[in-house]
Amino acid sequence: MNPLDLVKTLENHTVFIQTHNFPDPDAIASAFGLQNFLAHHGIPATLCYDGKIDRLSVKAMLETFGITMYSKNDVPDMKEDDYIVLVDSQKKNSNVTDLIGDEVACIDHHPIFFPYKYLYQDIRPVGSCSCLVASYFQSTDTPIAPKCAAALAYGIKMDTADFTRGTTALDTEMLSYLFCHADWALVSKMYCNTMEFDDLRAYGAAIQNIQIFDRTGFAYIPFNCAPALIAIISDFILSLDVVDIAVIYAFQKDSIRFSVRSELNHIHAGNLIAQVLAPYGDGGGHPSMAGGMIPSGKLPLLGEDIHVTIQKSFLEVIAQMEAKARDASLKEPADKF
């Protein structure tokens, strides 16, 4: 779609840009970038989210790039007829709170699990949502400020794990575009001193109880842990040379939160967690990275040994996916010599 169509859609309305709950760097950068794009075209917008921003690295990002976001309880005077643009998220997903405003637009790079009719929709399978927003500036020749370009570049680098995960040609093209406009010192600053001392407890817990079954690594964190940190630890476990799939989960006050990573083309992380958690909660995501949760009210369904049930459920679905992949390869026509 033409990004200027979004501008026309939002004209003469109060506009909010909402990220998924507990926003990560890509979500924040996308929201900030879109806010700057719309502002240039005469549309002021307020950034909002639900959950918490409690990671040191995320707090540092807001400070470094001068970003102002409002939590759900602090959103200034949102009304039912106000327009909401969802970024790095989609309506009806479990990680997006349904605020009082009207979700009229969506810009996202995740698979569609719950179709919804927006007035404007830009959902493409790329490595980062930030690259989609960056393309809005490039395709419309909209000037981009050095701080905004730096934030979007950081969002791309973080969500693609420095171009080692789910990267597409658009991600690389947009980083090249942003590099020419960004204050790169701000990007470099974000890579310094971003781990909190308390994070070591979560790493230590995960390392202490990791179990590996046929190259699938399971680890849990037995205490409340920021969702962003769970994702970081799943990347850490996946880096082990004996792990192709990582399943990390942490016990929160009201749920168990999961982060899944997959290096295997035939094991789609988003589909994997969606199938496993269907009887208990919900989940979804990309081919290589996904997340989900089980609310505390559904925990009794896991039985007496929660860990065994979780491991068994994931391993069974993984086995089904592998069998399906083998069957598909057998049906492929043999090469002709």
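This is a predicted model: local features need pLDDT of at least 70, side-chain atom pairs count only at pLDDT 80 or more; totals for chains, interfaces and linings use all residues.
**View 1. The lining of the largest cavity.** Welcome to the inside of the model, which holds one cavity of 30 Å³ or more. The volume of the largest cavity is about 60 Å³. Around it sit Phe22 and Pro23, the run Lys52, Ile53, Asp54 and Arg55, then Val58, and finally Ala226, Pro227 and Ala228.

**View 2. The buried side of helix α10.** Helix α10 spans residues 269-277, and its buried residues are Ala269, Gly270, Leu272, Ile273, Val276 and Leu277. These residues lie on the same side of α10 because they cover an arc of only 160° around the axis.

**View 3. Phe179 and Trp184, an edge-to-face pair.** The whole structure contains 14 aromatic pairs. In the pair shown here, the ring centres of Phe179 and Trp184 are 5.0 Å apart, and the planes meet at 65°, so the pair counts as edge-to-face. Trp184 is partly exposed, with a relative accessible area of 25%.

**View 4. Phe258 and Phe314, a tilted pair.** Here the ring centres are 6.1 Å apart and the planes stand at 35°, so Phe258 and Phe314 form a tilted pair. Since Phe258 belongs to strand β10 and Phe314 to helix α11, the pair ties together parts 56 residues apart in sequence. Both Phe258 and Phe314 are buried. They also take part in one aromatic cluster with Phe213, Phe218, Tyr220, Tyr249 and Phe251.

Definitions and conventions:
Residues are numbered from 1 along each chain as its sequence is written. Side-chain values use heavy atoms; hydrogens and water are left out. On a 1 Å grid over the protein atoms alone, a cavity is a set of points where a 1.4 Å probe fits but cannot get out, and a pocket is an open set with protein on both sides within 12 Å along at least five of seven lines; lining residues have an atom within 4 Å of a point. Grid points are joined across faces, edges and corners, and a volume is the space filled by probe spheres set on the points. Buried means under 20% relative accessible area, exposed over 50%, partly exposed in between (1.4 Å probe, protein chains only). Helices (H or I, at least four residues) and strands (E, at least two) are DSSP runs, numbered from the N terminus. The arc is that of the directions from the helix axis to the C-beta atoms. Rings of Phe, Tyr and Trp (its six-membered ring) pair if their centres lie within 6.5 Å; planes under 30 degrees apart count as stacked, over 60 as edge-to-face and the rest as tilted.
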